[in-house]
Amino acid sequence: MRRNPFLKRYLIIIFSLIILALPLRHTNFLRNTLLDFFRVPLKISSNIADFFIHHSDYRNIVTQSRILKEKNMKLSLENSHLRYLKEENERLRTILDFKKQLPYASLVAEVIGLDYANNRRVIFLDRGSNDKVAEQMVCLNSDGLIGKVIDTGKHISKAICLNDPNSRVPARIDNSGEQGLVYGTIKGDYLEMRYLSKKTKAKLGDRIITSGLGSIYPKGILIGKISEIKVDGFYKTAMVIPAVDFYRMEEVLLIRKAEE
């Protein structure tokens, strides 16, 4: 059954006139009742609107925060790379200045790998036979002696470090001139200069350098400093702290005893 629209309008007009005819106190009561009735729905709708508004703002804040974090990460990586390049440039300048002071032909190589274990300590270099690297070439940096080349490929070579247990280097005490052999050790944190006389004049802090004996190591390359002296049978043994930090090597020099 279809409702009469005129009847609906007529009822609204009658209802409005009745409200206007009511005393003020009844009008206020009716108004308050209607307000109380619609208060909860209005509050809910207002909260829903606020939620969507704040949720949109929150999403924008989260998006902006993510963008800023990404920018900060990129800047941090760029700064880290720039610091590395600066340090690398300083290291290269140092080793090239040191290279100029050497009376031997030398070649700069980069350490590209380490093989440290209880019974060996070798490093891998980015130069090989194509760069005229050969076995027995001495490996060092501006801090001191590192070791010698023991194997070469066309583009890569391998060097045994001074602190390898199989390493032996003829050496002498810089102050007194006393000679002995410097051995690598199992721990690798220190070296041993063996076969010193029981009457040795060696003392703590003395510099140990290569003696030049043999056909490999040139004379006068720093090996380290004495940290302890102990009796070892008919001889004394000096414990030596290496001049080179074998865990922080980047670039090295390769030289021969006699210039070619």
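Start by selecting Cys139 and Cys161: the sulfur of Cys139 sits 7.2 Å from its closest cysteine sulfur, the one in Cys161, which is too far for a bond. A disulfide here means a pair of cysteine sulfur atoms within 2.5 Å, and the structure holds zero of them. Keep both residues selected and check their cover. Cys139 is buried, at 0% relative accessibility, and Cys161 is buried too, with a relative accessible area of 0%. (Buried is under 20% relative accessible area, exposed over 50%, partly exposed in between, with a 1.4 Å probe and protein chains only.)

A word on what you've loaded: this is a predicted model, where local features need pLDDT of at least 70, side-chain atom pairs count only at pLDDT 80 or more, and totals for chains, interfaces and linings use all residues. Residues are numbered from 1 along each chain as its sequence is written, and side-chain values use heavy atoms, with hydrogens and water left out.

Now switch to cartoon. You'll find two helices and 12 strands in the protein chain, taken as DSSP runs (helices H or I, at least four residues; strands E, at least two) numbered from the N terminus. Of its 260 residues, 31% count as buried.

Next, pick Tyr235, in strand E11 (residues 235-242). Tyr235 counts as partly exposed, at 40% relative accessibility.
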